[in-house]
Amino acid sequence: MSDLAKNLHTEHMVINMGPSHPVTHGTVKFLVTLDGETIVDFDVEIGYLHRGFEKMCENSTWEQVFPYTDRLNYLSPIINNVGYALAVEKLIGIDTPERCKYVRVIVSELSRLADHLTNVAASGLELGAFTAFLYFVEARDLIWDLLESVCGARLTSNYVRIGGLKNDLPDGFKEQTKEVFKRCRELWIDVDKLLTKNRIFIDRLKDVGIMPPDEAIAWGFTGPCLRASGVPYDVRKAQPYLVYDQIDFEIPIGEKGDNFDRYLVRMEEINQSMRIVEQALDKLPDGPINVDMPEYRWQSKDDIYTKIESLIFHFKTVTGGIRVPPGEVYFPVEGANGEVGFYLVSDGSGKPYKCRVRPPCFPLTAAMPRMVKGALIADIVPTFDMIHMIGGECDR
Amino acid sequence: MESITLKKLKERFPDSIMETHSFRGDDTAIVKKEDIFKICEFLRDDNELLYNFMMDLTAVDYYGKESRFEVVYHLYSLKYNMRIRIKVPVPESDCTIDSIIPIWICADWFEREAYDLYGIIFKGHPNLKRILLYEEFEGHPLRKDYPVRGRQPLIGPKN
């Protein structure tokens, strides 16, 4: 028998996973070389959703970029809106009114909630926990209903504007949010019971895809994946923007940096995001939501119809776009996946000379080979789930 | 008030730093491309700087300028909570720059992307091929002289 095993002819097998595979939500292709069930080599091919984000931005006015940013991380579009708006405002030198900042925090955190809920739900689904998926998708739908009442769209929100917002929060938003969060917390507890101590779930996630802190930093990890490795870096704490420094929240960190830690970090961040929204709603000050700078932000329709200056500026900004002074800035915000940074270059014309976004899941996806080499083929699924690659953001 | 990073860079590499500025609070150093590897290594390893994150790497095409391209690095220091932008002019006639993968491994894909979209060659990159576009794509779409509505047939992989 031993002779037979020794002389048995074996060779590596190459498998294509994707680009259209149930696990590769977002189209991505893995080229997996297998020795039995063990992964010997792993190659990621991205770019299936590349649509030339930067080229499009360079040929749009500054305002027209917003719909494109929606389609970067399409699970949390408002965070991208906010990041881009803040970058342009930094370039111009605008400080938005207090109420606008609070509303931006509220909608950002709602987006983050939707993103994390989707992530945990989809991961559960792919590992066989269909009930958890249904529960969290219900919660996500409630959050989307809230966002719909704010900006009229569930997915492609296009809500934030340079120097302000499209519109104010609707009446009764606070009470509505309270009710939604009550239900979300119930669902959170249910999913927590279903997954966190579930033997099958733990076995699939624990000690898989481990990333030690120093390596996570070298690979450019940010967001929940970096914090799961035990590095407490969060842009909201490190370099607070908007009003995050006036809000009390914690950033959970993991111990080992395996997939289970990433799951736990996301679960806790769901709670923290709800806390942030509630505090921001309590503190929400009255006042305008737009800056009083007609050359950058339209004034109200009343003004436009009655005052000649407002009318002129409205005409100029609508037809020619706003004029941003020459210069360059980089502005990072904490996206749902990590640091979303906008690097803008302006040459003083009405269009961005360069509009670059730092996609947080791009370096995360790049580290996939590092995390799964030597593991089993079944470990690709949870690792890729917890990386949470979003095609729209990774491929731009 | 000049930030510590710019001060130290000027002290250590007086000949390589061409210009510095802090527009809107973003510290920026424009450096010569021959010294980019040395400078990055210094920024990562110096005890008072420790720029351990390579946050972003991209390029800009200043079409019509003397040195056409600029490779832009955004670094972040976790310990000191500082950021810096390093810009390196790259002329079109010699469109190459040293790869910084040995310093920050995550530069791998970012450099491939800059090569893909701008055609900048990163010397020493182990696997410099297109990443977002397909291999048979002709030209580099983010160059300013590439037409906005330029269309190319999608060709299957060469076998």
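**Helix pair and sheet**

Modeller: Helix α5(A) passes helix α12(A) in a left-handed crossing, that is, the near helix is turned anticlockwise from the far one by less than a right angle (clockwise would be right-handed). This is a predicted model, where local features need pLDDT of at least 70, side-chain atom pairs count only at pLDDT 80 or more, and totals for chains, interfaces and linings use all residues. Residues are numbered from 1 along each chain as its sequence is written, and chains are lettered from A and ligands numbered from 1 in the order in which they are written.

Colleague: At what angle do the axes of α5(A) and α12(A) cross?

Modeller: Two packed helices are described by the angle and the distance between their axes. Here α5 (residues 98–126) and α12 (residues 259–283) of chain A cross at roughly 155 degrees, their axes coming within 9 Å. Therefore α5(A) is roughly antiparallel to α12(A) (over 145 degrees). Axes are lines fitted to C-alpha atoms, for helices over the stretch in contact, with angles from 0 to 180 degrees between N-to-C directions. Helices are DSSP runs of H or I, at least four residues; strands are runs of E, at least two.

Colleague: In what order do the three strands of the sheet come?

Modeller: Strands of a sheet pair through backbone hydrogen bonds, either parallel or antiparallel. In chain A the order is β6-β7-β8, an open, antiparallel sheet; pairing requires at least two DSSP bridges. Its edge strands are β6 (327–334) and β8 (352–358) of chain A. Strand β7 (residues 339–346) of chain A pairs with β8(A) over six bridges, and Leu344(A) stands opposite Cys355(A) in β8(A).

Technical notes: Angles under 35 degrees count as roughly parallel, over 145 as roughly antiparallel, 65 to 115 as roughly perpendicular and the rest as oblique.
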